[in-house]
Amino acid sequence: MNVTFSTLAILLTAAVILHVTEEFLVPGGFVDWYAQLMPPKTEKKNNTGFLVWINTLMMFVCALALYFGNTGLGYSFWYFNASIAAANACFHLWGVLKLKAYSPGVVTGFLLYIPLFVIGTLQLVGTGLFPLHKAIVAIAIGIGYHVFSVIRQAK
């Protein structure tokens with residue numbers, strides 16, 4: 001399957017927008033679900049601001065991939081963002097299995113993030129446009145961010 005980078009960048013941007021919509025608008029409820037999955041140590045802890053900030057950052061990185069386009073920098077922004085997105089889909093799936101309840105974001109994560117990551121990996125890494133060693137670093141950062149997030153929430 002040969003997909004242009006422009007198409008990958010637009011699809012990831014659309015997937016992020018749909019994912020945030022699923023988490024916070026339709027059906028929404030991600031903040032409450034996340035608090036149930038990872039109960040804060042204090043009642044006063046509210047991470048809504050952090051969640052808004054991190055999702056805004058993700059959309060900004062999508063814009064950078066679109067802006068830089070078919071260049072090494074564009075590939076880097078896209079691949080690192082797609083790795084974080086794929087790890088996020090796995091996080092949602094883990095939460096569903098742990099709570100045995102729907103997670104706002106699991107549908108778009110599973111149906112959009114994972115396939116885009118796989119297609120992008122085949123396209124970018126498989127053709128040598130994005131080096132394997134950078135892909136490994138991006139995947140480690142994607143997983144590491146979610147591990148950090150869980151540890152941060154537990155404090």
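Val 125 sits in helix 5 of what is a predicted model. With a relative accessible area of 18%, this residue counts as buried, because the cut-off for that label is under 20%. Setting aside the residues within four places in sequence, Val 125 makes contact with Tyr 79, Gly 120, Phe 130, Leu 132 and Ala 135. Looking back along the chain, Phe 110 lies 15 residues away from Val 125, and the C-alpha atoms of the pair are 21 Å apart.

Two of those contact partners turn up again in the largest nonpolar core. This core has 26 residues, and the members touching the most other members are Leu 12, Val 16, Trp 78, Tyr 79, Tyr 113, Leu 124 and Phe 130. Two or more core residues come from each of helix 1, helix 3 (48–68), helix 4 (72–99), helix 5 (106–125) and helix 6 (132–154). There is also a second, separate core, made up of nine residues, with Tyr 34, Met 38, Leu 51 and Ile 54 among them. As a general matter, nonpolar side chains tend to be buried together in soluble globular proteins. Val 16, for its part, touches Met 58, Met 59, Cys 62 and Tyr 113, once residues up to four places away in sequence are left out.

Then there is Glu 23, which belongs to helix 1 (residues 5–24). Apart from residues up to four places away in sequence, Glu 23 touches Gly 28, Gly 29, Phe 30, Asn 55, Asn 88, His 92, Pro 104 and Gly 105.

How values were computed: Residues numbered from 1 in each chain as written. Predicted model: local features only at pLDDT ≥ 70, side-chain atom pairs only at ≥ 80, totals over all residues. Heavy atoms only, no water. Helix = DSSP H or I, 4+ residues; strand = E, 2+ residues; numbered from the N terminus. Contact = heavy atoms within 4.5 Å. Core = buried A, V, L, I, M, F, W, Y, C linked by side-chain atoms within 4.5 Å. Buried < 20%, exposed > 50% of the residue type's maximum accessible area, 1.4 Å probe, protein only.
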